[in-house]
2 protein chains.
Amino acid sequence: MSKSITTRAEDYSKWYNELVVKADLAENSGVRGCMVIKPYGYAIWEKLQAELDKRFKATGHQNAYFPIFVPKSYFEAEEKNAEGFAKECAVVTHYRLKSDEENPGKLKVDEDAKLEEELIVRPTSEAIIWSTYKNWIQSHRDLPILINQWANVVRWEMRTRLFLRTAEFLWQEGHTAHATKEEAIAEAEQMLHVYADVAENIMAIPVVKGRKTETERFAGAEDTLTIEALMQDGKALQAGTSHFLGQNFAKAFDVKYTNKEGKQEYVWATSWGVSTRLMGALIMTHSDDSGLVLPPKLAPIQVVIVPIFKTEEEKANIDRFVNQLSDELQDMNISVRYDDRDTHRPGFKFAEWELKGVPVRITAGARDMQNNTVELARRDTQTKETVEQNGLAKRIQDLLHEIQQSIYQKAFAYRENHITEVNSFDEFKEVLETKGGFVSAHWDGTAETEEKIQELTKATIRCIPLDNKEEQGVCVFTGKPSAQRVLFAKAY
Amino acid sequence: MSKSITTRAEDYSKWYNELVVKADLAENSGVRGCMVIKPYGYAIWEKLQAELDKRFKATGHQNAYFPIFVPKSYFEAEEKNAEGFAKECAVVTHYRLKSDEENPGKLKVDEDAKLEEELIVRPTSEAIIWSTYKNWIQSHRDLPILINQWANVVRWEMRTRLFLRTAEFLWQEGHTAHATKEEAIAEAEQMLHVYADVAENIMAIPVVKGRKTETERFAGAEDTLTIEALMQDGKALQAGTSHFLGQNFAKAFDVKYTNKEGKQEYVWATSWGVSTRLMGALIMTHSDDSGLVLPPKLAPIQVVIVPIFKTEEEKANIDRFVNQLSDELQDMNISVRYDDRDTHRPGFKFAEWELKGVPVRITAGARDMQNNTVELARRDTQTKETVEQNGLAKRIQDLLHEIQQSIYQKAFAYRENHITEVNSFDEFKEVLETKGGFVSAHWDGTAETEEKIQELTKATIRCIPLDNKEEQGVCVFTGKPSAQRVLFAKAY
């Protein structure tokens with residue numbers, strides 16, 4: 001099996017698909033639009049989960065679990081939310097199979113076992129969770145409720161791509177309930193900062209924090225905050241969202257609490273989520289034509305050691321050295337793989353670990369053992385050098401830290417180079433077509449203009465950055481007055 | 001809200017249901033047979049997951065994720081498995097909702113969006129996983145495949161009970177592929193030992209390791225190994241199973257490998273799983289009429305500290321002491337909660353933490369601060385004593401260890417007292433009715449006898465213990481010869 005992949009320049013989309021499959025991250029399954037997350041990909045996801053989960057708990061949240069099925073009547077209680085997801089719902093209608101008399105040995109749906117009320121496979125859990133919160137909340141003393149759920153959800157998307165858009169995906173969804181509007185808004189903002197922290201400091205992906213326009217809001221939200229990342233093909237990717245839901249779900253499910261003055265009030269809500277889509281962002285931000293580039297903090301294997309030898313005695317020498325180095329690295333919580341498989345040649349191994357994005361490779365040859373050296377190769381820059389064995393573990397530790405910073409800086413520089421201010425629609429279109437990236441432009445604030453620009457250019461407003469400066473200008477499309485720039489881009 | 005619960009003697013089943021709800025572990029949802037796992041219950045499950053996951057990885061397994069949906073044609077490929085689960089399948093038939101013109105504001109299933117092939121919500125994942133393994137396995141070099149999945153599954157049970165039997169539950173399912181029969185059998189045995197280790201050393205639940213009779217086997221397995229626990233009402237509970245699947249799934253999905261001699265062979269398989277049902281076993285094994293009793297290794301809060309004071313100055317004194325103690329305990333990785341809520345009285349707090357099974361309670365009163373003492377209360381024995389503050393953290397650490405051992409010993413003594421050898425069917429029935437527990441009896445080895453005994457007594461063969469000694473005897477029911485005793489019991 002060839003491990004080489006299409007280059008980004010040849011066909012970015014094909015490069016991505018091949019990389020995901022050849023690096024053993026995920027693959028399509030026999031179920032339309034559903035993926036299999038393979039062990040290597042899942043190991044990255046587990047590390048990402050652990051980083052997120054730690055931060056959720058540090059900010060006072062607890063995990064819980066709610067049913068995967070949402071009775072249709074619950075689902076449609078909050079109308080905007082229901083409408084927003086209606087077109088992509090998997091619906092359970094029956095609960096039993098029986099033998100098919102016309103096709104011996106086969107089963108068919110038992111029409112007698114029809115459910116009285118259809119069940120929706122959750123596309124998101126606001127409805128089922130708020131129908132539960134109703135019973136949990138009576139008094140201000142029951143608030144806030146700060147809950148997160150790790151779960152699978154299903155959205156029947158017509159055009160799917162591994163990690164980026166799949167019919168079933170894994171995610172976490174936070175659902176919180178608060179006594180006041182201010183507290184709910186602060187919660188939604190806090191969780192956006194948590195997401196940005198993980199994106200930037202763990203995934204090494206620079207993100208723009210911003211607010212969605214009304215058109216782009218989550219169905220049922222009053223306000224949607226987002227982190228937006230930029231891929232190497234100049235397209236943006238929404239990497240996480242945090243929603244202020246106002247009292248919409250509280251009203252839909254009649255969730256009230258008695259405040260300190262004894263008065264009944266509707267509860268305020270937030271929800272926030274990130275998904276296995278982040279894996280797509282991770283892959284597309286850093287990887288190159290040789291394969292994955294992983295930030296050391298998420299790499300399942302941080303260091304791989306490949307021995308090169310001719311005799312058993314040489315191998316025994318290398319083994320001794322590797323055992324000691326491995327112990328030292330493990331004591332530093334650095335994960336290391338000694339690839340001494342006798343079924344593959346070193347060149348094959350180099351290519352494989354490069355494809356899989358292992359940040360640091362050590363090559364330990366028989367001559368190295370004589371010279372007290374090894375070859376140290378760095379995945380992100382594809383550079384290598386001969387270094388002393390003395391102090392090697394510490395050197396590797398420092399190098400992993402440096403790689404983590406370095407790939408962030410590289411992605412950050414690319415992103416900064418791809419935020420372009422434009423002042424006319426011609427310029428807008430030209431930048432979008434030739435350079436890509438975020439186009440920073442004045443917009444008149446109407447959904448109508450937003451829609452027309454999308455029709456003409458396929459670009460959408462990714463966000464109104466939170467740190468936006470006020471600036472008087474005119475909409476690039478209509479010439480109407482505008483008080484701030486917003487970020488447009490083509491997006492995943 | 002009253003926190004007191006029905007006693008076990010009054011109504012064991014009611015005691016269990018009330019305990020699960022009042023201790024905030026789980027509750028029924030608006031979806032038939034599906035539960036909500038509340039944060040306190042989920043925290044216990046997370047700890048249990050971590051213990052299992054650590055052991056799966058230590059034995060060479062990796063986690064992955066496969067689709068929740070199984071196309072009907074895949075599902076029915078292994079006939080025994082399909083038949084075994086056909087009566088309890090949730091079936092997805094449509095993928096879209098639309099506005100219901102007859103009921104404005106409501107949605108209905110869009111009949112135009114009917115799936116070409118129905119999808120089964122996985123009741124277990126052998127079918128979807130083996131349809132995938134087919135593409136992963138060509139050569140003996142691709143084996144073994146050692147994969148585990150943490151997932152939700154759905155079995156449309158008609159009579160459900162929180163944790164013990166729910167339409168949706170959480171579990172892990174290991175699915176492994178091997179070159180030889182011997183290796184697969186060894187894998188199934190190894191995982192049974194892992195389950196027994198976690199049950200006994202983490203959950204403090206003594207288990208009998210055994211083999212299921214053909215009647216009680218997993219649908220599609222050649223051999224099912226089980227760990228069987230005994231609840232306080234004398235009923236057994238199957239706590240985990242590990243299956244040797246032979247080549248059944250490999251044949252159903254045509255999964256062959258080329259062996260070292262270049263010959264094509266079918267692959268050998270195992271699967272093994274434990275679920276949130278273990279939560280039910282945990283609750284029923286140790287808890288008492290005052291509430292939960294949790295083994296320290298799974299308690300989300302291991303130590304709770306309740307202050308008793310009249311003045312602010314007294315409170316400040318206690319706070320200083322508690323801060324220091326908490327720091328010391330946290331350094332020992334002991335989780336501690338300082339319950340200084342001013343909304344509840346100490347008596348209420350005592351009852352609440354007793355109900356929630358916190359293993360150790362410290363009461364820190366104003367006079368204690370003068371005397372350099374505290375009151376130390378132990379949940380499992382409901383005993384308390386006044387102890388010196390000096391060396392308290394270490395004392396608590398030792399006590400947690402002792403409690404872990406002690407509740408295991410108590411459960412073990414109960415279990416040992418409830419394995420009764422009988423030599424006639426009258427004795428069999430009498431022991432079952434008056435004492436309960438495991439009845440150790442000779443059986444003629446036929447499914448017919450097994451079935452008749454079940455009809456007459458509701459007892460099933462829980463297992464043929466792995467460490468069974470050979471003993472010549474005669475079947476208690478038919479008088480036919482038998483070479484060993486098996487364990488019967490009524491079961492959950």
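Which residue is the bridge partner of B:Ala377 in S21(B)? That partner is B:Lys384.

This is a predicted model, so to speak from its record: local features need pLDDT of at least 70, side-chain atom pairs count only at pLDDT 80 or more, and totals for chains, interfaces and linings use all residues. Residues are numbered from 1 along each chain, chains are lettered from A, and side-chain values use heavy atoms, leaving out hydrogens and water.

Strands here are DSSP runs of E with at least two residues, and helices are runs of H or I with at least four; two strands pair if DSSP finds at least two bridges between them. S20 and S21 of chain B pair antiparallel over six bridges. They belong to an open five-stranded sheet, in the order S18-S17-S19-S20-S21, with mixed pairing. S18 and S21 of chain B each have a single partner strand, so one side of each has no neighbour in the sheet.

Angles run from 0 to 180 degrees between N-to-C directions, with axes fitted to C-alpha atoms, for helices over the stretch in contact.

| Helix | Residues | Angle |
|---|---|---|
| H9(B) | 312-331 | about 170 degrees with S18(B) |
| H12(B) | 392-417 | about 10 degrees with S20(B) |

Now for the two chains together. The contact takes 62 residues from chain A and 62 residues from chain B. Four salt bridges cross the interface (a side-chain nitrogen of Lys or Arg within 4 Å of a carboxyl oxygen of Asp or Glu). One joins B:Lys57 to A:Glu46, with the closest N and O atoms 3.2 Å apart.

Note on methods
Contact = heavy atoms within 4.5 Å.
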